Amino acid sequence: MILSRGKTDSASSRHVASGGGMQQQRKAPAPATLEDFIIKRDYTGARAFLEYATDEPEDEEGKALDNEQQQRQIDQWIAYCNFHLGDYQQALNQYQDIKRRQEAVDPNLILNVAVCMFYLGLYEEAKQLIESTANSPLKQRLLFHLAHKLGDDQQWAELLEELLNAPSVEQQLSLASMHYMRAHYQEAIDVYKRVLVDNKDFMAINVYLALCFYKLDYYDMSQEVLEVYLGQHGDSTIAINLKACNRFRLFSGRVAEQEIKNISDNDTFGADLIRHNLVVFRNGEGALRVLPSLLNIVPEARLNLAIYYLKQGDIQEAHALMKELQPTSPHEYILKGVVHAALGQQLGSKEHIKTAQQNLHLVGSSATECDTIPGRQSMASAFFLYEQFEEVLVYMNSIRSYFVNDDVFNYNFAQAKCATGYYKEAEELLMQIADVDIKNQHTYCMILAKCHIHCAHPELAWNVFITRDTNAEAFLLLQLIANECYKCEEFWVAAKAFDMLEKLDPSPENWEGKRGACAGVLFALATKAHRGRPGGGISEVIGLLRESSNSQAESMIKTIRKHISSFK
């Protein structure tokens, strides 16, 4: 949702307009002073104004304007504009150039250089640069975020304690942003609300609140808060993008795309974010063209590219993207768990399955996620991998109402139902599935056939087999039908299945299965049982036995004919 402080790729050299900049043509005359541009957040206009002032040779009194002190001030303002336009590399170059030209370096200038380095992902360099500078609120905030990025837990904890007691708005907002980055969204909301009570004119805080509500899946509430800001700043790229994301969650990708269609082709601040989200809204269309170049710019780009590879069945590529990622948020743990689960199943690797179990269980058992939908899905998935299917049902039942028409959810739910003996419910769930890719899966066919058999529909299970292509998977399906029908006393279909198996593999085991099934059919005919009987009567059993090359088949036929009156 927000731009990353990624590595140097993120310092785009594009000259782009600010998220809150004036996007529409003004009818009034252009502002006459630098202050007017800055107040309106028109950093492109401010930069042009400053560059014009640099080129102008004389003022009204004929005095030169390019003296060193004034030129330094102008250069700093230009660097300031570039920073706010997201061109961090250009701003860094300008600040460093000013620093080299100064005899006594201004501490504030050093901090500005360090902030640019932070946004470029140069965390170690930024920390070394400011270690010897005097303490200040900005230095405190910067060190706090550097400790988070560098994993310095001791310094982070010390600075956290200081910021918790800091009264200034800037320090409190820095604290709230840290809560957000560590996925402590409710804590961030509490801080933002406290700040907003005393600073009602700080309209941008509504955007931060909306982001937190979005992360908590409260999309309606997020949109309601966001509209407060959009009412005054309707041209904000970040706010419009967040509105589109809410629409995506509440409705569809097509509805979301309509929200950003007017800014998607513009060279605006956040253009990379817009390009990324358009891929998501379009269900992965253009993923390979757009997402690889955004891996160090938009945090979610890596995750969404991995999801794209998973959907395409390219699990190795998904794993290559995720293996170096150290998860810090629930959705990162979930995705890493899913990737390892898929890879473990593909390679038959217990190690990958174990890693998947750990990641998913961690999310599902956490205090912040255990009662959320993703948290319960994670716990259900972990228990699925543990093969504790009764526990799977507990968690899936608790969120079923949210996924009534979700084919993937119903598929997994049916597998758990089947594993615990709820065959009728599993059969109903499987029959609801419309996704052709799922219905063509070998596992789907195996489970559906088993459910049909246990629900007294063996002919439907046989139909599942005869619609499959002849291959190794079809052979396994035939074995399942033969054995499950035998156990359920559906002897006629069991006999047909064992007959087919005997033709494919004339082993003693398959003949014994066929012989036992045929005996079961005879018993069903003799006792006039309701199941296990062929529609054509005893002649069908005789026909099946004639096709066998085993010598015992002829003996069975003679015995049947001798007692044929018993089977009528």
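Modeller: What follows goes from the overall shape to one pair of helices. This is a predicted model, in which local features need pLDDT of at least 70 and side-chain atom pairs count only at pLDDT 80 or more, while totals for chains, interfaces and linings use all residues. Residues are numbered from 1 along each chain as its sequence is written, and side-chain values use heavy atoms, with hydrogens and water left out.

Biologist: How many helices and strands does the protein have?

Modeller: The protein has 32 helices and zero strands, where helices are DSSP runs of H or I with at least four residues and strands are E runs of at least two.

Biologist: And what box do the C-alpha atoms fill?

Modeller: Along the principal axes, that box is roughly 130 × 50 × 40 Å.

Biologist: Changing topic, how do α4 and α5 cross?

Modeller: The axes of α4 (residues 88-101) and α5 (residues 107-119) come within 9 Å and cross at roughly 155°, with axes fitted to C-alpha atoms over the stretch in contact and angles running from 0 to 180 degrees between N-to-C directions. That makes the two helices roughly antiparallel, a label for angles over 145 degrees.

Biologist: Which residues of α4 and α5 meet there?

Modeller: On the α4 side they include Tyr88, Leu92 and Tyr95, and on the α5 side they include Leu109, Val113 and Met117, contact meaning heavy atoms within 4.5 Å.

Biologist: Back to the whole protein, how much of it is buried?

Modeller: Of the 568 residues, 47% count as buried, that is, under 20% relative accessible area with a 1.4 Å probe and protein chains only.

Key
Parallel < 35°, antiparallel > 145°, perpendicular 65-115°, else oblique. Buried < 20%, exposed > 50% of the residue type's maximum accessible area, 1.4 Å probe, protein only.
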